[in-house]
Amino acid sequence: MESTNSSSAHPDAASEMLDFLRKYSREQLDSRRMDERRGFPVSLIPDLAHAGLLGLQVPKRYQGRELSHSDTAKVMRQAGAIDCNLLIYLAVHNTLGVPPVLQFAREDVRSAVLPELAQGRRLVTSAISEPSMGSHVRSITSTATKQPDGSYVLNGGKQWISLGADAHYVNVFARLTDENGQEAGITGFLVDTSSPGFVRGPEVITLGLKAVPQNSLAMENVHVPAEGLLGEEGKGLAAAKTAFTRGRLVLATGALGAAMRALELAQRFARRREVATGNLAENGRVQQIVAESVAAVQAVETLIEHITDRLDSGRDVPEPFYFAVKILGCELMWEVIDRCVQLLGARGFVDTNVVGQFYRDYRLFRIFEGTTEAITVYLGSMVLKQPQHFLSIFDDFDVDPKLAEHIARIDKLTTTTTTSAQQQHVLAAQIGELVCWSLLAVLAADSRNRSSMYAHTASWTEQQLLDKLRTAEDSRPFVELPTVDELARHIGDFDTSLGNVEQRRPGIQHDLDLLLRRG
């Protein structure tokens with residue numbers, strides 16, 4: 001990933017944005033109303049654009065703010081603490097949409113498009129997921145056919161596309177067939193959504209994150225000029241990976257802000273609440289829960305800081321760091337939010353008390369940009385193929401001898417013999433999770449001298465790693481699983497107990513009457 005020199009940005013740029021977001025949230029935003037109406041106030045886009053929030057890392061030569069990675073993380077963390085919808089709106093445009101254009105489009109296209117994006121005159125998103133696949137990019141079925149004049153024709157469908165119906169530009173990834181009729185690999189294209197044949201599909205009704213539409217998209221012989229190519233033909237995975245990588249870091253950063261805000265509210269309540277044992281905050285079990293939650297927040301914050309510092313200094317960030325920040329960042333932060341719902345008691349279940357809406361909205365982060373289970377197995381599979389590559393990640397650190405011993409035990413687990421594909425998947429999941437915790441534990445240990453709280457965080461992360469390591473070691477040999485058919489038969493029998501309860505009452509008709517439509 002390209003480094004961003006923080007000195008190139010105005011020294012107060014990030015601070016100005018943080019001040020704007022805080023004031024804007026107090027005076028202009030109404031999260032409850034956005035949630036109920038499934039939309040943003042009409043003033044939001046121009047207001048965010050005026051504050052520079054739609055061109056966070058776009059270079060100044062394209063009219064952007066050119067923030068460093070560290071400053072961008074601060075802005076995203078702030079947005080996450082305010083409203084998940086606001087965060088995702090900024091994240092989709094700035095981290096899923098802009099980077100493929102900035103890094104892979106032709107210069108004449110960048111010069112024309114990026115100023116529009118940075119100034120908020122146009123929105124951009126990426127379309128990767130399809131009805132038959134999610135984050136498994138290699139399973140893309142949408143097609144692109146190269147024409148004799150060098151242009152392309154796109155066909156296919158995309159699903160779960162954030163801002164899909166609102167963006168003027170979409171980075172579309174499809175399987176290319178060259179002018180000779182030969183398969184040429186997955187390729188990226190910058191598509192103008194006003195092109196004939198580009199069809200915006202309906203918005204899906206989601207559990208949370210209601211103000212950010214998730215649409216299906218269809219392409220019916222959409223013509224894309226030669227200059228719409230993102231990168232080289234057949235090498236679209238690089239552009240897609242850029243979008244995913246940036247997105248995973250931002251999801252964890254936003255979730256961090258939400259967890260911090262939830263803890264702030266829970267602690268405020270606990271200090272004021274009297275229960276049978278006395279003050280709630282002084283209850284030993286509650287204190288333990290809060291301490292573990294604070295440790296989780298601090299550990300994830302340390303991981304994010306490490307990644308952004310490496311990016312800003314131009315150093316390479318090994319891929320496992322991005323997996324770790326997505327997996328543990330989103331899992332732990334949602335767990336903290338869940339605990340805060342519990343700590344607030346009945347008030348946590350009241351949707352107007354902030355944390356309840358966080359609970360619904362941030363649940364998606366365990367799915368967005370790859371489900372925890374899928375990418376944990378993928379990470380573990382990578383390590384099982386090249387365990388030495390995993391170990392080399394720690395060459396940059398002065399690893400505590402005790403942690404080095406734990407990491408050696410993880411390495412030993414990679415030699416475990418499995419007898420089926422299912423056992424291999426289970427092993428990969430265990431290895432993947434342990435890799436994430438080992439990275440977190442090493443970084444936390446490296447920071448333990450900052451304060452007594454950091455020392456607690458270091459001890460907590462090491463204990464988490466050790467507990468999960470023991471569980472993985474104790475689970476060998478693997479318990480034999482029921483077959484897929486056996487599971488299906490057993491669950492199929494539930495129909496006898498539950499009966500048919502599918503709701504089919506007719507809903508509201510939205511389509512124009514057939515007799516009124518154009519022929």
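Me: How do helix 7 and helix 8 sit relative to each other?
Reply: In this predicted model, the axes of helix 7 (residues 236-272) and helix 8 (residues 284-312) come within 10 Å and cross at roughly 150 degrees. Helix 7 and helix 8 are therefore roughly antiparallel (over 145 degrees; under 35 would be roughly parallel, 65 to 115 roughly perpendicular, the rest oblique). Axes are lines fitted to C-alpha atoms over the stretch in contact, with angles from 0 to 180 degrees between N-to-C directions. Helices (H or I, at least four residues) and strands (E, at least two) are DSSP runs numbered from the N terminus.

Me: And what's the handedness of the crossing of helix 7 and helix 8?
Reply: That crossing is left-handed, with the near helix turned anticlockwise from the far one by less than a right angle.

Me: Which residues make the contact?
Reply: Helix 7 brings Leu-249, Ala-252, Thr-253, Leu-256, Ala-259, Met-260, Leu-263 and Gln-267. From helix 8 come Val-290, Ser-293, Val-294, Val-297, Glu-301, Ile-304, Ile-307, Thr-308 and Leu-311. Contact means heavy atoms within 4.5 Å. By class, the contact of helix 7 with helix 8 has 12 nonpolar, four polar and one charged residues. Asp, Glu, Lys and Arg count as charged, Ala, Val, Leu, Ile, Met, Phe, Trp, Tyr, Cys and Pro as nonpolar, and the others as polar.

Me: Okay, new topic: how many cavities of 30 Å³ or more are there?
Reply: There are two cavities of 30 Å³ or more. On a 1 Å grid, a cavity is where a 1.4 Å probe fits but cannot get out, a pocket is an open set with protein on both sides within 12 Å along at least five of seven lines, and lining residues have an atom within 4 Å of a point.

Me: What lines the largest cavity?
Reply: The largest cavity holds about 100 Å³ of space. Its lining is Gln-57, His-69, Thr-72, Ala-73, Met-76, Thr-95, Arg-246, Leu-249, Val-250, Thr-253 and Thr-308. Helix 4 (69-82) and helix 7 are the elements that give two or more residues to this lining. By class, that makes four nonpolar, six polar and one charged.

Me: What about the second largest cavity, which residues line that?
Reply: Lys-241, Thr-245, Arg-248, Glu-319, Tyr-322 and Phe-323 line the second largest cavity, and its volume is about 40 Å³. Helix 7 and helix 9 (319-343) each supply at least two residues. The lining has two nonpolar, one polar and three charged residues.

Me: How much space lies in the largest pocket?
Reply: About 700 Å³, where volume is the space filled by probe spheres set on the grid points. The largest pocket is lined by 33 residues, and Trp-160, Gln-214, Leu-364, Phe-368 and Glu-369 lie nearest its centre.

Me: Which element gives the largest share of the lining of the largest pocket?
Reply: Helix 5 does, with five residues. The elements giving two or more residues are helix 5 (84-104), strand 1 (124-127), strand 3 (152-162) and helix 7. In total the lining has 17 nonpolar, 13 polar and three charged residues.

Me: Back to helices: how do helix 9 and helix 14 pack?
Reply: They pack at an angle of about 90 degrees with their axes 9 Å apart, which makes helix 9 roughly perpendicular to helix 14. The contact of helix 9 with helix 14 has 13 nonpolar, no polar and no charged residues.

Me: And at what angle do helix 11 and helix 14 cross?
Reply: The axes of helix 11 (residues 372-385) and helix 14 (residues 421-446) cross at roughly 90 degrees and come within 7 Å. Helix 11 and helix 14 are therefore roughly perpendicular too.

Me: Which cut-offs apply to the predicted model?
Reply: Local features need pLDDT of at least 70 and side-chain atom pairs pLDDT 80 or more, while totals for chains, interfaces and linings use all residues. Residues are numbered from 1 along each chain as its sequence is written, and side-chain values use heavy atoms, with hydrogens and water left out.
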